[in-house]
Amino acid sequence: MSKSDPKNNRGNFFEDFRLGQVLKHATPRTVTAGDQALYTALYGGRFALQSSDAFAQACGLLQAPVDDLLAFHVVFGKTVPDVSLNAVANLGYAGGRFLEPVYPGDTLSSESEVVGLKENSNGKTGVVYVRSRGVNQRGAAVMEYTRWVMVRKRDESAPAPEPVLPDLPEAVAPEDLAVPEGLDFSKFDMSAAGSPHRWGDYAVGEKIDHGDAMTIEEAEHQLATRLYQNTARVHFNQHVESRGRFGRRIVYGGHIISLARALSFNGLGNAVKVAAINAGSHAAPSFAGDTIYAWSEVLDRLELPGRSDLGALRLRTVATKDRACADFPYKAAGEGGKLRYDPAVVLDLDYTVLLPR
């Protein structure tokens with residue numbers, strides 16, 4: 001097929017984006033119990049709220065919702081053909097809020113607004129900031145988040161746009177956290193959830209080594225990425241990537257997020273609901289064969305207005321590859337005293353969870 005064939009979607013390059021541009025993404029997706037079962041098979045998550053209808057109903061929900069991050073990945077995957085098909089890297093996240101539970105049978109759609117642009121000094125790439133929103137079949141927003149992506153230019157001589165950087169929050173404020181309607185942890189079954197630790201048992205500054213680890217398999221990370229209908233070429237095309245920067249396919253960063261979240265059950269088993277993604281960085285690429293470990297730090301304990309049954313923890317979860325986390329690897333002073341990630345760190349995720357008080 002020729003490069004000029006207009007029927008071949010080659011994605012947007014940096015110079016195709018405009019500030020304020022709204023991108024309505026294709027392929028609405030009905031999420032099913034089968035999707036949740038496959039997600040569980042891929043990551044082994046054991047959080048009770050997403051595992052048991054009876055547990056979820058005792059907590060005031062209609063049934064067990066699908067995993068928060070499964071819904072996030074489905075919404076994210078729809079944005080890829082328009083936002084990051086020509087990306088070099090997905091750089092970070094901010095201001096992510098989970099607004100409504102997603103149940104099996106719900107249909108998710110996505111749209112994004114370009115909220116920032118900045119060409120890089122090499123003139124070959126630029127950073128695109130988008131605010132993405134996922135809605136269900138009733139038009140209710142289920143989540144929103146900002147991410148920024150380094151995107152290739154089609155024509156390196158194309159003029160640079162006026163740089164605009166969005167004002168991003170450091171974290172989602174407690175009053176802006178969405179608690180699902182009806183959710184009530186006053187009768188939270190601690191034995192069924194598998195952990196004795198409540199909100200008050202955690203201290204700011206506390207660090208938890210999650211202990212367990214999972215090795216990434218080539219087939220599994222590609223299966224996961226296809227589950228989300230994420231079409232980014234760097235995850236699939238070994239023929240091309242063998243001649244690229246790393247010589248092999250890169251694992252979708254969201255796969256690492258889900259692995260780290262599943263590993264965090266050991267120490268945070270009652271943190272059954274993700275409420276926000278405050279910030280996140282993919283510190284280094286991951287590849288098939290890497291073994292992922294994780295540890296978490298409690299950054300803050302948040303009381304929610306009018307709630308005596310549940311509270312929120314702001315967490316930093318750090319994932320590493322091929323390095324256990326008993327000594328909590330993170331950042332250290334490098335050349336010139338600048339803090340740099342330990343070479344083993346692949347993910348630095350700042351997020352907020354709900355758990356019983």
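This tour of a predicted model visits the largest pocket and then Ser-112.

**The largest pocket**

Start with Ala-87, Val-88, Ala-89, Val-234 and Ile-250. Of the 36 residues lining the largest pocket, these are the closest to its centre. The space in this pocket comes to about 880 Å³.

Next, colour the elements that build the lining. Select α4 (68-83), β3 (87-98), β6 (141-152), α7 (238-241) and α8 (253-263); each of them supplies at least two lining residues.

Now colour the lining by residue class. There are 21 nonpolar residues, ten polar ones and five charged ones in the lining of the largest pocket.

**Ser-112**

Is Ser-112 buried or exposed? Its relative accessibility is 2%, and the cut-off for buried is under 20%, so Ser-112 counts as buried.

Show the side chains around Ser-112. The side chain of His-25 makes a polar contact of 2.7 Å with that of Ser-112. A polar contact of 2.6 Å links the side chains of Ser-112 and Ser-132.

Ser-112 is then in contact with Gln-21, Val-22, Leu-23 and His-25, with Thr-79 and Val-83, and with Val-130, Arg-131 and Ser-132.

Key. Residues numbered from 1 in each chain as written. Predicted model: local features only at pLDDT ≥ 70, side-chain atom pairs only at ≥ 80, totals over all residues. Heavy atoms only, no water. 1 Å grid on protein atoms, 1.4 Å probe; cavity = no way out; pocket = protein on both sides within 12 Å on 5 of 7 lines; lining within 4 Å. Points joined across faces, edges and corners; volume = space filled by probe spheres on them. Helix = DSSP H or I, 4+ residues; strand = E, 2+ residues; numbered from the N terminus. Nonpolar A, V, L, I, M, F, W, Y, C, P; charged D, E, K, R; others polar. Buried < 20%, exposed > 50% of the residue type's maximum accessible area, 1.4 Å probe, protein only. Polar contact = N/O pair within 3.5 Å; in protein donor to acceptor, adjacent residues only side chain to side chain. Contact = heavy atoms within 4.5 Å. Lists of a residue's contacts leave out its neighbours within four places in sequence.
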